[in-house]
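I opened this structure to see how its chains are built and where they touch. These are my notes, in the order I looked things up.

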Amino acid sequence: MTGALAFCRRFARNRAALAGLVLLLAILLMAALAGVLFPDDPWDMVAQPLLWPGQDGEYPLGSDLMGRDLMSGLFHGARVSLAFGFTATAAALLIGVTAGALAGYYGGLVDDVLMRITELFQTVPPFILAIVLVVILTPSALTIVTAIALVSWPGVARLVRAEFLSLRGREFVQAGVVLGMGDARLILTQILPNALGPIIVSASLMVATSILLEASLAFLGLGDPNLMSWGTIIGAGRDALRSAWYVAALPGAAILVTVLAFSLVGEGLNDALNPRLRNR
Amino acid sequence: MRGFASISALSRHFPRSHYVLARVAKSIPVFLAIAVCNFILLKLAPGDAADVLAGEAGSATPEYLAALKSQFGLDQPTWAQLAHYVGRLLRLDLGWSFRNNQGVLALILERLPATLLLMIGALGLAFILGAALGVLASRHVNGALDNLISVVALLFYATPLFLVGLGLIIVFAVHLGWLPTGGLTTVGASYTGLRFAVDVALHLAMPLVTLALFFLALYARLMRASMLEVFNQDYVTTARAKGLSEGRITVRHVLRNAMMPMVTMLGLQVGTLLGGSVVVETVFAWPGIGRLAFEAVMSRDLNLLLGILLICSVVVIMANILVDLAYAWLDPRIELAR
Amino acid sequence: MPRSLTRRFLVGAAVVAGLGLALPASAQDAPIRGGTLTALLHPEPPYLLSAVDPTLQMAVVTTKMYEGLLSYDLDMKPRPLLAESWKVAPDGLSYVFKLRQGVKWHDGRPFTADDVAFSLGVWKARHARGRQSYARVTGVETPDPHTVILRLSEPAPQMATVFSSYESPIIPKHVFGTGDLLSNPAASAPVGTGPFRFKEWKRGDNLILERNPDYWDTGKPYLDRVVFRFIADASSRAAALEAGEAQIGALTPVPLSEMARLTANPNLVATTSGYDYMAPVLLLQLNVRNKPLSDRKVRQAIAYAINRDTLTKTVWFGYGKPATGPIPSVVKAWYTTDGVPAYPHDPKKAEALLDEAGYKRGPDGKRFKMQTDPFPGGAEFTRTAEFIKQQLGRVGIEVELRTSDFPSYVRNIFGEYNFESTPMYNGAFPDPSAGLQRIYWSKAAQKGVPFVNATGYADPAMDHHFEDAQTQNDPKKRWQDFADMQRQAMTDLPVIPLMEMRFVTLANRRVVNHTITADGLIGTNFANVYLATPNPAAPK
């Protein structure tokens with residue numbers, strides 16, 4: 001308990017991390033309120049196309065090429081982009097933590113096989129692999145999440161494996177072994193909770209990179225056409241980048257803020273977990 | 001991390017060239033596994049190269065399509081195509097690109113230098129600038145400069161690559177007219193010698209900066225963290241106790257050791273960079289391998305895509321060998337593993 | 001009255017005029033020699049052999065090097081090119097071409113009737129449309145090196161429009177005569193008769209052609225070089241035109257959303273002429289095999305529900321014209337609205353038709369779900385699908401988009417008929433036998449073959465209109481066939497014509513004479529093109 005309290009205090013002392021947290025909460029609020037503030041379908045063509053921000057009070061952020069309300073798009077987009085970020089990260093964590101835990105805990109042949117597979121995935125350029133996967137499976141929310149998860153898990157696997165390798169030999173684990181705990185119980189109740197810190201830090205960054213990845217895929221025309229993510233708006237606005245730069249720049253800025261928020265929070269968590277690094 | 005993993009078993013008297021050969025030999029099964037996995041993966045994709053060519057033509061007849069399929073060997077069963085492919089691969093033959101009507105190896109070798117130039121340039125810039133900024137930041141921990149550096153670096157990291165790229169084009173190519181919008185050289189200029197180098201450098205400037213800015217943040221933050229880590233080590237405290245100046249400590253003792261995680265990162269990033277260049281190559285019409293890969297996927301140019309993925313793995317594995325060699329150089333205590 | 005192409009073709013023999021006559025008024029000044037013209041092109045062609053592959057982008061390059069027997073001016077009148085004169089027998093069963101003398105291939109060998117006979121064999125056997133166009137050619141005679149006679153089993157009036165450099169380029173027999181065509185090195189490094197010679201091709205970057213000093217039209221071409229640059233990103237292409245790094249781009253080189261800004265640039269001029277030969281029409285193809293699209297009333301309801309004017313203005317920024325039928329108005333010889341059912345935007349009528357067909361709104365206000373696959377040909381097609389989704393949503397049809405890349409699209413739509421609707425485009429071409437028969441005729445359907453009848457539409461009366469027209473030598477009867485065809489197409493609506501597309505050529509104001517034929521940059525050989533002021537982009 002006191003540990004958690006000290007952790008929170010350390011985190012709160014870090015102004016950058018706090019700022020990140022505030023930004024993050026603001027974005028989460030945007031996503032949560034999208035349906036309340038903008039009950040209509042963000043795809044509805046409601047306004048004159050290519051209204052500039054501020055030109056029409058009813059649509060404060062203007063409209064896109066098809067006359068869709070950009071403000072509504074940004075709010076609904078927050079929901080979709082965050083959902084992409086979180087689900088892809090969750091899926092990558094699931095694969096990565098499982099592989100890393102098994103490799104680190106059992107070592108030997110299991111470790112060898114799993115690490116060779118990880119190596120295989122790390123040898124192929126991740127973005128190209130993501131493109132190939134999305135193209136093959138045809139772009140949809142599910143396939144995009146799958147592709148992002150499949151290219152993101154090896155990093156987690158290596159991290160978790162390293163943690164498990166160092167934690168395995170520790171006293172409390174040995175104590176668990178002596179008490180006759182099963183492998184699953186040892187992994188889940190003894191080692192994993194102690195490895196959680198670095199996992200959370202890297203997960204917060206993975207959410208950010210997943211959102212960026214989705215936007216890059218959408219830029220290349222490989223987004224889900226039925227979901228309005230920030231990437232989708234950028235992909236559509238890209239055609240009018242010069243005449244109406246705000247169409248791509250607004251969701252671009254939203255992505256920037258989100259990635260910034262996650263990075264700051266991630267860094268704050270990291271510093272709070274390793275206090276030694278900050279105050280040398 | 002990669003570097004540490006391969007340095008697990010120490011062997012005292014192992015010559016460097018043997019080490020490289022051993023590593024290369026160990027990679028061959030990895031290459032084959034990559035080739036087979038990719039082949040199966042790509043065969044799952046709907047549509048094939050004949051569909052693309054016939055489709056692009058806008059009109060076709062059944063005979064035309066059948067002729068294309070038999071020409072590309074697509075009328076064979078999948079296992080036969082795979083066996084054929086692996087057989088050719090073992091003879092170091094990457095095959096023929098139907099979409100480009102050219103040998104795959106020739107095509108890749110033609111495009112690889114452009115990507116390597118961009119990649120090495122961007123990584124080099126990000127590495128050097130990142131290291132410098134990281135050292136600066138670590139010397140002023142939590143000060144104004146530290147905060148400024150991390151905010152600026154993070155901003156670049158968080159901005160989608162294509163926005164940075166297109167922004168640069170609009171400012172420097174269209175409005176100011178200082179730099180060309182894209183491409184590798186001035187087309188048709190056929191410059192030679194220094195003039196050629198300058199020409200390429202002008203074309204390289206924007207894509208390189210775009211790509212480097214993204215990676216800059218990672219290196220700056222990593223360098224800062226590892227500098228702080230090393231500053232806490234006993235031998236630094238000892239050095240400090242001996243009365244050495246902070247500047248001297250930084251350069252002599254800290255920098256060299258703090259470089260190690262940076263080098264590891266460099267090795268890890270080669271693959272990411274090869275892929276990340278797809279977007280930059282698209283925006284700047286840079287005739288590199290990333291763009292070629294994207295087009296190969298989109299036109300189901302199986303041989304070409306497989307070839308590119310394979311060559312990318314070669315580059316990644318070679319980069320990792322270099323990283324391990326750099327490790328041994330940075331820290332003589334580390335010996336190269338078998 | 002029909003303005004028969006065939007008849008014009010017959011009298012064409014009398015008009016032995018050089019291409020120079022077709023120069024626009026702006027080109028009265030003496031042409032300026034020299035300079036490099038840089039053109040934008042995307043996507044990059046796989047090889048350069050239009051004799052087997054009718055891809056438009058490929059032809060933009062090849063027609064500067066390979067030439068056809070004729071070219072078709074902006075009014076679709078045939079003009080001499082490699083043939084100096086020609087004659088069609090009144091029964092339509094033989095064509096005689098007198099070839100130009102003293103023409104040399106780029107490697108110095110003389111161009112003869114043998115080359116034409118050889119090329120015809122290639123078009124007939126390998127060209128995706130040539131198989132159909134030349135299907136009735138049963139014999140080729142070459143009584144002397146400069147005469148070619150084609151013998152036909154039946155009249156084939158559509159042949160009047162196919163002798164262009166784009167559709168039927170003549171390739172050298174001594175180069176391609178042996179071995180496989182595509183593995184011939186010349187498949188990627190052409191040896192033609194045209195005003196420009198192949199110089200080099202840096203894949204993924206650029207392709208350079210240089211002036212042919214021995215061109216038969218002495219004194220031409222004016223340009224020293226033509227460079228094609230391959231830039232995949234549309235915004236970057238716009239930037240290259242603005243920065244003056246490239247001077248011309250065909251086939252709508254920039255996003256239409258950027259056109260207003262670019263045409264305001266005093267250095268750039270846009271033109272939509274030069275695409276009448278392709279006559280592209282934006283279509284919504286419907287899979288009529290399954291319910292509810294198998295019901296004609298449902299298809300008519302969809303036609304009423306889509307506002308084509310708004311579609312044209314919003315999605316296509318005015319670069320188009322709402323379509324009234326399968327044949328666009330630019331194909332003047334066959335276009336008619338007489339007796340052709342029209343579908344003005346009328347959501348109420350659409351709802352009434354849907355109710356009548358038995359697809360009433362459910363408790364959630366929806367009638368049924370329909371998937372739509374936009375053609376993977378640019379953002380405008382995706383936006384067209386998004387537009388259709390909105391419009392049909394208002395009459396209770398829930399549309400779901402599925403985007404795919406080109407091979408998946410071809411496989412889904414034409415390989416497996418696994419689709420419900422797809423907004424895409426089709427070239428109507430100057431002759432409906434070439435452009436439209438393939439999508440309406442039941443026997444054109446061939447599973448796996450792209451861009452032929454995929455809707456599953458089969459109707460004996462419709463089949464008859466096309467079957468009679470393809471060998472009908474009487475222009476009046478043929479006109480009637482196509483008029484009936486248009487009426488029936490707009491009644492049955494297996495394909496809903498949405499908009500006549502207007503492709504754009506965007507060029508620097510300095511580029512003169514770039515569009516002087518009906519097939520524009522796709523078919524013009526650039527012999528007459530020059531740069532009105534010295535080109536600063538050229539190397540000093």
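I took the radius of gyration over C-alpha atoms, and the globule rule is 2.2 Å times the number of residues to the power 0.38. I noted that this is a predicted model, so local features need pLDDT of at least 70 and side-chain atom pairs count only at pLDDT 80 or more, while totals for chains, interfaces and linings use all residues. Residues are numbered from 1 along each chain as its sequence is written, and chains are lettered from A and ligands numbered from 1 in the order in which they are written.

**Chain C, overall**

I began with chain C and its 540 residues. I then looked up burial (buried: 20 or more other C-beta atoms within 10 Å of the residue's own, with C-beta atoms placed from the backbone). Buried residues are 60% of chain C.

Next I checked contacts (C-beta atoms, placed from the backbone, within 7 Å). Of the contacts in chain C between residues at least 6 apart in sequence, 72% join residues at least 24 apart.

I counted secondary structure by DSSP runs, numbered from the N terminus (helices: H or I, at least four residues; strands: E, at least two). Chain C has 17 helices and 21 strands.

**A hairpin in chain C**

I looked at β4 (residues 83-88) and β5 (residues 94-99) of chain C, which pair in the antiparallel sense over 5 bridges. Pairing here asks for at least two DSSP bridges between the strands. C:Val88 stands opposite C:Tyr95 in β5(C). The hairpin has 5 residues between its strands, and there C:Gly92 takes a positive phi near 70 degrees.

**Records**

I checked UniProt, whose positions are given in the numbering used here, with shortened feature names and annotations that may be inferred rather than shown by experiment. An unreviewed entry puts "domain: Solute-binding protein family" on residues 77-441 of chain C. That stretch is 27% helix and 21% strand. For chain A, an unreviewed entry puts "domain: ABC transmembrane type-1" on residues 78-266. There I found 84% helix and 0% strand, with the end C-alpha atoms 19 Å apart.

**Chain B and its neighbours**

Which helix of chain B gives the largest share of the side that touches chain C? I first noted that 48 residues of chain B contact 49 residues of chain C. The largest share, 7 residues, comes from α3(B). I sorted residues by class (nonpolar: Ala, Val, Leu, Ile, Met, Phe, Trp, Tyr, Cys and Pro; charged: Asp, Glu, Lys and Arg; polar: the others, Gly among them). This side of chain B has 24 nonpolar, 15 polar and 9 charged residues.

Then I turned to chain A. The contact takes 38 residues from chain B and 30 residues from chain A. On the chain B side, α11(B) gives the largest share, 7 residues. The classes there are 30 nonpolar, 7 polar and 1 charged.

**Inside chain B**

An automatic or database assignment sets the domain bounds. Chain B divides into domain 1 (2-103) and domain 2 (111-330). Their centres, taken over C-alpha atoms, are 29 Å apart. I found 26 residues of domain 1 in contact with 22 residues of domain 2. α2(B) gives the most to the domain 1 side, with 10 residues.

Notes. Two residues are in contact if their C-beta atoms, placed from the backbone, lie within 7 Å. A residue is buried if 20 or more other C-beta atoms lie within 10 Å of its own, exposed if 12 or fewer, and partly exposed in between; C-beta atoms are placed from the backbone.
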